Amino acid sequence: MEPKYRELIDQYETEASKWNRKSNRMGAVKLALFFVFLFLVFAFWSVSRSAVCGLAAGISFVLFAAASVRHEDIIRVLEEKRGLCEIVKADQKRRSGEWTEFSDTGEEYVDEEHGYAVDLDIVGQNSLFQFINRTHTYFGREKLAADLLHQTDEHPLDADEEIRRRQEAVEELASDYEWAARMEYYFSKIGVDRRFPELIAELENPRRFLPFRHADFFVGLLRGVTCVAIAFLCIYKTNEAICFLGILLLLQLALGMLGDYHIKNYLGYTRTAAGKMAPYCEIVRAWGDRSFHSERLCMIQAHLAEASEGIRQLSVISSHMKYTVHPVSRFILDGFLLWSFKNAFDFQEWKLQYGEQVRQWFMLLGETESLMSFSGLAWNCSTVCLPQISGSGRRIAAQKIGHPLLGNEERVCNDFRMEDSIVMISGSNMSGKSTFMRTVGINVVLAGAGSYVCAEWMSCPRMRILTSMRIADRTTEGISSFYAELLRIRKIIDAAAESDRLLFFIDEIFRGTNSADRIKGAEGVIEKLHGLNARGIITTHDLEICRLGDKKGIVNYSFYEEYRGDEMYFDYQIKEGISKTTNAEFLLRKVGIL
């Protein structure tokens, strides 16, 4: 499924260069036509005043206007080619392992109290969010974060059937890279605006602009009378017509000034969000032009088809609003056409017709960005599959499972199977215990989100995940790392007592205390979790703790190194049984402490 990034980059750069040359030529034509128009106008008023000169000036202006429209079209295509090129370059960085320089890390979603977000590198610097994120709007980011973080008993992703529908959607999106890249480009023109919830609240609010009955009719009538007065003045040019039109303009300007505060308050953030609506029209149009097969994408397409007219009208209303942002244009439009009042009444009618549906539209558009983010794993991980989500049982099994955040060249994959058991993984320093535990955890999170996973084959049920891995002091609360770990493990035990759908990960259990207490504490925790029929993975350096694996339902795996002369080598392959080596003394000697 890997797209040919280098070829696409070359293609888009070549096309961008071609359209840039067209833009330069059209810009020169526009400039020439503009000066020709100015010369002919000057000649008409100052020299000849001939009809031919006037006609030529008119023609030159029409040609200038047509060239301007054509230039805008050229610039639009040029920007699209450049934008697509940047998107492909970003994917090339994902593929080559340079994605850690991406600015959007999802840092605001980091919560130390979350069950697994920090320990499994789901959000934050060097995280799964940073790697796969291809969202460019507020609702897209929120949906992607929710899909990755809300897999708990309190916020469960929907049932297995819903995950299957999401998998089908992700697979279909992954089948056409260039179309997905174009969709991402359209979303990128909108941008992440954290005031979007404010905009949605305004669009949903059914409050009327003015409580007076027939207020819109009165404003429309006044605008109509003004237009008739202008036409009458153009034909007859009487003093009475000039006076009448002047009174109308003064009246409308006075109404505009009196209603200014109320209009701005009613239109709210929608006044300044005009530029964000047009790209949504392009997105909805692109969805309507494509044929989908997966159930989820067909459902989204059907809803967006229903939304297309509403989004188009909102885009038009928003574009009308932006004309009153500049004080000069607003003075002219309000004076002659009560333009701000017209916008407010148009906005009112739009909200009454579409307000109840608008949140669902933007949530669905956000979901498409989240699905596209998951589909990207198929393009940038060398080994992926859609996992089987088992509705019953608690077995996790995988072939060639690897960590998606590791580079394709350095990733080491393993076969792994975990039945209804606690798995104990032992091994020396740097042998890969913690990385493997995160490998299992992050792929289970992806599976629960309906995504590809980094494996040749994988099967797992939906489950709640809790971890105890990166434990640190909470100095301001007077809590040591050991006590913080106790609190975290207590939470795991309590969750295991409440549900049999728990999957836990405990890294280097009780590393913050002495060996005697560590062994005693670990034994108590293991017996407790085993008695609750819990399932999860525990890593440790302590081989005494591993011997607890003789108990029923506890299975030992290990990682260990090889020594060749004075060098130490790791293969990062998981093996059955307890670790056969330790390397602390070797490392102490290597750095010169012993």
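A salt bridge here is a side-chain nitrogen of Lys or Arg within 4 Å of a carboxyl oxygen of Asp or Glu. With that in hand, look at the network of salt bridges that links Lys143, Asp147, Glu162, Arg165, Arg166, Arg296 and Glu367. Keep in mind that this is a predicted model.

**Salt bridges**

- Asp104 pairs up with Arg141, and their closest N and O atoms sit 2.7 Å apart.
- Asp104 is in the loop between α2 (51-96) and α3 (128-132) while Arg141 is in helix α4 (residues 138-149), so this pair ties together parts 37 residues apart in sequence.
- Arg141 is buried, at 3% relative accessible area, whereas Asp104 is partly exposed at 23%.
- Asp494 bridges to Arg490, with 2.9 Å between the closest N and O atoms.
- Both Asp494 and Arg490 belong to helix α17 (residues 481-498), where they are four residues apart, or about one turn of the helix.
- Arg417 and Glu419 make another salt bridge, at 3.7 Å between the closest N and O atoms.
- Arg417 is partly exposed at 41% relative accessibility, and Glu419 is partly exposed too, at 39%.

**Helices α10 and α14**

- The axes of α10 (residues 277-288) and α14 (residues 358-375) come within 12 Å and cross at roughly 70°, so the two helices are roughly perpendicular to each other.
- The crossing of α10 past α14 is left-handed.
- On the α10 side, Met277, Tyr280, Ile283 and Trp287 meet Phe362, Leu365 and Thr368 of α14.
- Sorted by class, that contact has six nonpolar residues, one polar and no charged ones.

Methods. Residues numbered from 1 in each chain as written. Predicted model: local features only at pLDDT ≥ 70, side-chain atom pairs only at ≥ 80, totals over all residues. Heavy atoms only, no water. Axes fitted to C-alpha atoms, helices over the stretch in contact; angles between N-to-C directions. Parallel < 35°, antiparallel > 145°, perpendicular 65-115°, else oblique. Left-handed = near helix turned anticlockwise from the far one by under 90°. Contact = heavy atoms within 4.5 Å. Nonpolar A, V, L, I, M, F, W, Y, C, P; charged D, E, K, R; others polar. Buried < 20%, exposed > 50% of the residue type's maximum accessible area, 1.4 Å probe, protein only.
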